[in-house]
Structure formats: structure tokens, C-alpha cells
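Have the structure open and follow along.

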Amino acid sequence: MTLVLQNTLTRRPQALVPADPRTVTFYSCGPTVYDDAHIGNFRSFLSADLLRRWIESPWCSLSDGKGGETPGPRRVVHVMNITDVGHMTDDAEGGESGEDRMAVAGRRLEEAKKAGKLPAGVSVNPRDPYAIAAYFGERFLRDARDLGLKVAIEAQRDPSLMPRATGSIAGMIEVVRRLVERGYAYVVGNPGARVVYFDVQRLPSYGQLSGNTLDRLREGEGGRVSAANQLSKRHPADFLLWKEDPSHLMKWPSPWGEGYPGWHIECSAMSLARLVEAEGRDAHAMFERDLPLFDLHSGGEDNIFPHHECEMAQSCAAFNAHPERGVLAAHWFHPRFLLVNGEKMSKSRGNFFTARQLLDQGHEPGALRLELIRTHYRANANFTDQGLRDAARVIERWRRVLEADKGARGSAVSPEGEGARDRCRAEFTRAMNDDLNVAGAIAAVNTWVGSLGQATPADARFMREIDEVLGVLALARLQASETDIGLFAPGIEPDARVIERLLARRDARARRDFAASDAIRDELLAMGYAIKDVPGGKVEVRRAP
């Protein structure tokens, strides 16, 4: 059985058939770095990472499109962009009004700086959009590496795998210029206030990814248009490619004046540069034959429209001889939303979490990763504290299998053990090839682990093969720290300020001054720490929820 994966473009499961069976090209929409990435973002990123790991696995076979198959392993060139351009807060409605996202981020940073809530040693100028983007970009990369996102790990030695929008402006301008020359884009306005729009009526295939037709969009259905920006457009669904705006925080010169790019254009430029040109592929031949530029494209389901619909339209109009035949990527992969305790994430509901918050609270990276990937990507996952604790217990159970490998260089072959591993491998492979059914794959692993008596070094090596796909056991294992007064939860470094307050609290309790003791507890809570007295006269210290 070869890998069959739901294709958003065709709305049905299809065999993944790469142009080159030994090298799969994969583009993922990455973060917009004006804030920390939340766990819903990471659900999408990690689902793409799981897919990438499975395609690379020697257990994964891909169809050759001719009735045959190609076994693994294979190379995956995975590219994820970082959007560090100061797009507008109304991106989903057109990107022409609202407020610059970097200005919003700057105010948040300024408030955090005044309140003393920035991490120790951090100094960032909240009025410098480039500094803001660099700050949140580095925080994202740290979180991504902590959670085992392979593209972020590889980008440490090859930064071109995670291109930044600010470094790709020239490529965006070239794509826009090409669209204008080919008649798929038009310029409106006088010098000083020019705008370049994509003409959706020129491309009959517009809407094929999302199912949104031009008739549905004519009156602004789907939240795509803003009434204030309609007068100069040929159609309400025409979308922004470039806007001249000398007052914008982040701006660049262009043939249409100093300004900024539309949200969608960056991915078209960066995917072409890294997955076609940098890979030495014949862009001209691909243009003439209307071939997809790459094999796989991923993003959260909220990216389907307008972002990916517009990205596909402009790319096909720029890079295909007959744009209506183009699809940009052969296969489109869109994980669904993440709920928290059965509800949509919302700061007002108090159920909004970033990956960094949970890691700082002492949750293990492996447990967080497992909790975010173990529900099928086409179902809404429900994140809960109990689920996170259950994931941690599963990982501890799997780690006990790895311990059989300590100090051992080999073991006698056991036909019974070999058979159990073969059955697990077959069930795991069948599940993963069935539209990336990770829940079924994990069930196969748990059945196998539950059948083991004394694990052997061969079992440990097999578990490591499984983890090459799941990516949870190789992540950092946090350790608790202990001082004379405190038991600091895993991931929390003993802080001199916290220890000083704990000692003061112990003295207050010894004097039976419980009001002072309670005040110190509240002070620590305001600092972000929750405490609990434990047997032996010590205090357990955790991150406040």
C-alpha cells in the first residue's frame, strides 16, 4: 500500500505522486512573527512535520503514477516561510486598511517592558519593526526546535529553508511585474497612492481550491472585501499585490512607488526561488508544460481562503503558459483547527495558550508534541490538561522500551519478538498510509509495547525507528531542580528572587504570621509562580497556569 492523502484541491483522497520519486518538494505556510505562535499554529506546523517525516521514512512507499511504487527512504526538501513584513490587520479582508501588525506588536512589547514582563536579559526596541520581527522570529524558531520541527532544525545550517519575507521583496516585485505584463494584474491610482490588484476575472479557474465562485464573492461574501476599497477595483474579489504607501512602517521601492507587498504574493516568490530555482529545476520547461512547481503545499484550514486561493491564482498566472490549467502544488494538505477544552481558543475565555507558555510551565516538549499530533489532521483536535498528562504517561511508557538498549550492543534473535515487531510495523505503515492516520499508528505502537515482557535491544532499536516518524522521544527530557527550600518543576530554573521570597515565607510561617505568608504567596503568583507545600518542609514551585 502506498501513501494516500486527502487533496484539498480535488476534495478526495489521492495517492501522493511526486514529480521525482526520490526527492519530494514541500512548501508550508509559516508564522507571521508579530507575536508568539499559539498551540493551534503548532498543530498545523507539526502535522506537516509528521507528514514530512513519514514521507522520508524507509517504511513509506509512494505511487509512481503508473501502477508501481517507490519504496523509501527519500529526500524531502521542506521549506517554511517566515512572514516578517508588517502586513495590515485586515489581511483576510484585503490588506489595504486596518493597522500595521508590527505597530500593534510594538505597543504590546512596550507595555510588557514597562510592566517588567519581558524575559530576563531581553532588550528589544518596540518602535523598530525589524527588531520586533527578529525578536518574535527567534522565539518561534526556539519553540519550533524544542518541539522537533525538522525544517527549523535544518534551517540552522541552511537558512534558505526558512526564507524571510523581508529578504524576498525583489522576488515579489518580479512576480507582480510579470503579472502586470501578462495582463493578470492592473495598476490604479495616481503617483503617491498607486495600488496593484490581481484581476480575478482573467482567470476562470479562480476559486477551484476553496470552492468560492466569483458570483458568491461579488457582493463580498466570505469576508473577502472591504467596501472602502471597492470603487477602483474591476471586481470586488480582486486582491492586493502591492500598495504604494510612503507612511507605512516597513516599505520598499518598486515600479509602482514606495510601499509594501500584499499578503499572498510572498509565498509565490519564495516557493519559486527555493523549490524550483535553488533545486536546479527547469522553470521554463515547467512553464511551457503547465506543471506544478512543487509536490506538496500545507497550511492551516483557515489558509485555504483567501490566502492559498489567491496564492495559487497569482502563481499560475505568472508561471504557467496556460494558467487555467495550473495548480501550483500537486497536492494540498490542510489540518483542521485546534479546540481547547471543547471550545475555540480565545484570550477572553482564558483558554489561549502559546507553546512557550506550556513549556515554561514545565510540560515536556515530547508530551506537548504528541498531544498536538495524535488526533487525525482532518478532525478538530481537542487540547486538554488531561490529554497532555496522558501524552506524558504514554511517552514514559515508550521510554522504558528504549532503556533496554542501555549498555547493550546486541541480543539473541527471538522469532517471537521479530514477529511482534513485524506486525507492529505493518499496522503502523497501513495506518500512516491511510491519509496519515496517526491515531491508528499510535494504537499499533501501544499494542506492541503492551505485549512486551522484557524489552530487548532489538525492541529499543525498533522504537527508535518509530520515533523517527513521531519525533517525540528524542526531544529534551526536562529535569526537576531542588534547593534547600524549593522543589522546582521540570523546565523551571531556580531563581534567586524566588528562593529569597520562599525563605521569607518560611520565616513568616515560623512566626505564625500567616497574613505575611499569604502575601508572599500572592507576590510569587504575580511573578508567574504557583507554590505548594510538600512533605519534608519544602515548597513545590511551578509556573502559574
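How many salt bridges does the count come to? In this predicted model, the count comes to 43 salt bridges. Here are three of them:

| Pair | N to O distance | Where |
|---|---|---|
| Arg108 and Asp35 | 3.5 Å | helix 2 (residues 101–114) and the loop between strand 3 (23–28) and helix 1 (39–56) |
| Arg425 and Asp422 | 2.8 Å | helix 13 (residues 415–433) |
| Glu482 and Lys538 | 2.5 Å | strand 16 (residues 481–482) and strand 19 (residues 538–543) |

Arg108 and Asp35 sit 73 residues apart, so this pair links distant parts of the chain. Arg108 is partly exposed at 29% relative accessibility, and Asp35 is partly exposed at 25%. Arg425 and Asp422 are another story: they are three residues apart in helix 13, which means about one helical turn separates them. Glu482, with a relative accessible area of 55%, counts as exposed because the cut-off is over 50%. There's also a network of salt bridges that links Arg52, Glu56, Lys150 and Glu154.

Now for the inside. The largest nonpolar core has 146 residues, and Leu179 is one of those that touch the most other members. Among the residues Leu179 touches are Tyr184, Phe198, Leu241 and Ile265. Apart from this core lies another, of 12 residues, including Val498 and Leu502.

Key:
Residues numbered from 1 in each chain as written. Predicted model: local features only at pLDDT ≥ 70, side-chain atom pairs only at ≥ 80, totals over all residues. Heavy atoms only, no water. Core = buried A, V, L, I, M, F, W, Y, C linked by side-chain atoms within 4.5 Å. Buried < 20%, exposed > 50% of the residue type's maximum accessible area, 1.4 Å probe, protein only. Contact = heavy atoms within 4.5 Å. Salt bridge = Lys/Arg side-chain N within 4 Å of Asp/Glu carboxyl O. Helix = DSSP H or I, 4+ residues; strand = E, 2+ residues; numbered from the N terminus. Lists of a residue's contacts leave out its neighbours within four places in sequence.
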